[in-house]
Amino acid sequence: MKFSFNNPVDIRFGRNVLKNNPGSLSLGKKAFIVTGSSSGRKSGALADAEVELRACDIQYQIFEGIKNNPNVDQCRELAISASEFGADFIIGIGGGSPLDAAKAVAVFSTNPCLTNEKLFMNEFDTPPLPIAAIPTTSGTGSEVTPWSIMTWDEFNSKKSFGNLYTYPKIALLDPSYTDSLPKDVTLFTALDAFSHCFESFLSLKASPYTDAVNLYALSRFSKCMDPLERGELKDIRDDLMLVSLLGGVAISQTGTTMMHAMGYQLTYYYGQPHGKANAIVMPVYLEEAAKYVPDKLTAALSAMGLSRNQLSSFLERNIPADFNIKSNEPAFWGKLAMKQGSVKNLPILVDCDYFTALYERIFKSRIV
Ligand SMILES: [Fe+2]
């Protein structure tokens, strides 16, 4: 047996986490806060962060305008604002998009001449500014990963970067920030967290350490599935944030695999929320996993107390592939999926045709 595990994030979890951890945002003297147009305020996280920063006499500037699927060029512009302000650390508040944007702003702040190509090859010379991450959804796990997923129009899809330098220094997780999220957002983000645990468990890079994390997270998630379906969310908010955290810790080591590589195209071309896109791919992913990693699939399902059919029906009931795609898209998307780094984490060798055939299986009569 041989493996390594290196996740350097200081993790604090619990309701009132900022109040209970005074000084936790003291990563410098001037903070540039990156958040969504409403997520920071609606969740209460931004107000809590401002109280904490004022108590520590830390100056700050706020940018409230990160949209879903952040664009790499917008982050480059924001880094100029952060530098003009003199920021010496970045705070990301929000769902995956603001947290991922915070990482890009942190990198561009110290590497202003970095090209997009070099960013996505992780070729930056100077370490980014320190990052504090405060999630307001339970899905991305970005607060404990080095990964940042950006929309890159020249690439015609989404693309990720990340290395040991882009981990947040601290992650502050307060489930109360998710209390007011609507049912669909809660479901989609939960399915993202779930897909992280599942893919990580089946990843070529999985280790006994990540297996332990993922099996526990999968068992916790399975207890949330009925309440998620019924929309009875109050009592599962803490569990969902825990699953999101554990999934993030796991993919920080193993990366994601096929659902993400294929799902990005559904988001880029049809605006599907990230977690929903993954879930649309999942039934076919389960069929494939049954062929190439049957023992691990059985272990994952047994941790959840479900059969493959039960899980697939849950997904198809709640997340139907309810839109049409064009006849040329499976082949085009197959090529794009193959360019995703996460494909390397699959325990089988695949090619563009493999993904094309899977897209055709997913959409069947919906290809027009
Ligand atoms: Fe994801």
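**Fold and domains of the protein chain**

Student: What share of contacts in the protein chain between residues at least 6 apart in sequence join residues at least 24 apart?

Tutor: The share is 79%. Two residues are in contact if their C-beta atoms, placed from the backbone, lie within 7 Å. The model is predicted: local features need pLDDT of at least 70 and side-chain atom pairs pLDDT 80 or more, whereas totals for chains, interfaces and linings use all residues. Residues are numbered from 1 along each chain as its sequence is written.

Student: Which helices and strands does the protein chain have, and how many?

Tutor: The protein chain has 15 helices and eight strands, where helices (H or I, at least four residues) and strands (E, at least two) are DSSP runs numbered from the N terminus.

Student: Why is the protein chain called as compact as a globular protein of that length?

Tutor: The globule rule is 2.2 Å times the number of residues to the power 0.38, and the radius of gyration is taken over C-alpha atoms. For 368 residues the rule gives 21 Å; the radius of gyration is 20 Å, close to that value, so the description holds.

Student: What makes residues count as buried, and how many of the 368 residues do so?

Tutor: A buried residue has 20 or more other C-beta atoms, placed from the backbone, within 10 Å of its own. Buried residues make up 52% of the chain.

Student: Where are the domains, and what is in contact between them?

Tutor: An automatic or database assignment sets the bounds: domain 1 is 10-177 and domain 2 is 181-366. Strand 7 (residues 157-161) gives the largest share of the domain 1 side, three residues.

Conventions. A residue is buried if 20 or more other C-beta atoms lie within 10 Å of its own, exposed if 12 or fewer, and partly exposed in between; C-beta atoms are placed from the backbone.
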